[in-house]
Amino acid sequence: MNNKNDDRLIKKGSRVFSKKYIAKRHNKEEETGSKLFVFLLVLAFFLGIFYNVFTHPFMKIQDIYINGNRVTEDTEIIKKLKSPLGKNILLYNPTKYEKDIESLEYVKGAKVRKVFPKILSVKIEEDFPMFAVKKYGKEILITNNGIITDKKPFSKDAKFINIKVTGLETTIGKSFTSSKAILEFINELQASSLIGNISQLNLENKLDIGIMIQDIEVKFGDLNNISYKIKLLEKVLQDVRNKGLEAVSINLNNGDNPLVVVK
């Protein structure tokens, strides 16, 4: 029969131990070994996760989305990003290269963001010659942001939109007009589908704005309800194309029913 309260003494060398003490010591050693094993197991688990996160192809940059650039080539921007394709997205620092992108001639601002797990998103703001005003026997260039500039055209074949305007500011780096309504009008046009077909803007009378679109004279009227009128003009032009008509002029000074003159 075993005695559960066995407190017999065991002599080892010059030292004497109780049997209970030895049992407790063995239990502590087993518990310590068990905890160490669990710790090493958890450590190996997390090391495995970290290794896979930093080396797995799923976390490597595979796509670059660039928007906002109209004259700056995508390839120029990607070079400034130091060719990030294939690099680990966690280790890549996108903001580090924003200043490099902004060093490009026509880039005014750049924002680079990571879109996990494998995409870089690049938003570009440009400032390039887009409009021209003839004055003092020379051509004065204006950027897409309405700023007088001495920058060279982005292309030898670049075609500028001619502007007629009163009270022209000619100082480099200054806005060509003090009219906020005109600047808003220009920005709205650039955001529309019309901008690529405009050859001339007549801004001399803010109550009677004129636009030339593919040889079609457009009487835009005043600068009230700009967004609505631009969308209306887009709709009218699309309708003219769909019907195969050749328009000569469009008058938007007739509310919701523009007057269209065709050949």
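The model is predicted, so local features need pLDDT of at least 70 and side-chain atom pairs count only at pLDDT 80 or more, while totals for chains, interfaces and linings use all residues. Residues are numbered from 1 along each chain as its sequence is written, and side-chain values use heavy atoms, with hydrogens and water left out.

The protein chain has five helices and 14 strands. Helices (H or I, at least four residues) and strands (E, at least two) are DSSP runs, numbered from the N terminus. Of the 263 residues, 33% count as buried. Buried means under 20% relative accessible area, exposed over 50%, and partly exposed in between (1.4 Å probe, protein chains only). A contact means heavy atoms within 4.5 Å. Among contacts between residues at least 6 apart in sequence, 47% join residues at least 24 apart.

Three strands form an open sheet in the order 3-5-4, with mixed pairing. Strand 3 (63-67) and strand 4 (107-115) are the edge strands, each pairing on one side only. Two strands pair if DSSP finds at least two bridges between them. Strands of a sheet pair through backbone hydrogen bonds, either parallel or antiparallel. Strand 3 and strand 5 (residues 119-126) pair in the parallel sense, over five bridges. Leu120 of strand 5 is the bridge partner of Ile64. Side chains alternate along strand 3. Ile64 and Ile66 point to one face and are buried.

Helix 4 (residues 180-190) has the buried residues Ile182, Phe185, Ile186, Leu189 and Gln190. Seen down the helix axis, these fall within an arc of 135°, so they line one face of helix 4. The arc is that of the directions from the helix axis to the C-beta atoms. An α-helix has 3.6 residues a turn, so residues three or four places apart point the same way. The cover over the buried residues of helix 4 includes strand 6 (129-135), strand 10 (198-202), strand 11 (209-213), strand 12 (216-221) and helix 5 (226-242).

The axes of helix 4 and helix 5 come within 10 Å and cross at roughly 35°. Axes are lines fitted to C-alpha atoms, for helices over the stretch in contact, and angles run from 0 to 180 degrees between N-to-C directions. Helix 4 contributes Ala181, Glu184, Phe185, Glu188 and Leu189 to the contact, and helix 5 contributes Ile226, Ser227 and Ile230.

Leu233 is found in helix 5. At 0% relative accessibility, Leu233 counts as buried. Leaving aside neighbours within four places in sequence, Leu233 is in contact with Leu194, Ile213, Val218, Ile250 and Leu252. The C-alpha atoms of Leu233 and Pro258 are separated by 8.4 Å, although the two residues are 25 residues apart along the chain.

Some backbone details lie in loops. Pro117 has its place in the loop between strand 4 and strand 5. The peptide bond from Phe116 to Pro117 is cis, with omega near 10°. Lys82 sits in the loop between helix 2 (74-80) and helix 3 (98-102). Its phi is near 60°, a positive value in a residue other than glycine. Lys82 counts as partly exposed, at 46% relative accessibility. Asn225 lies in the loop between strand 12 and helix 5. Phi of Asn225 is near 55°, again positive in a residue other than glycine. Asn225 is exposed, with a relative accessible area of 60%.
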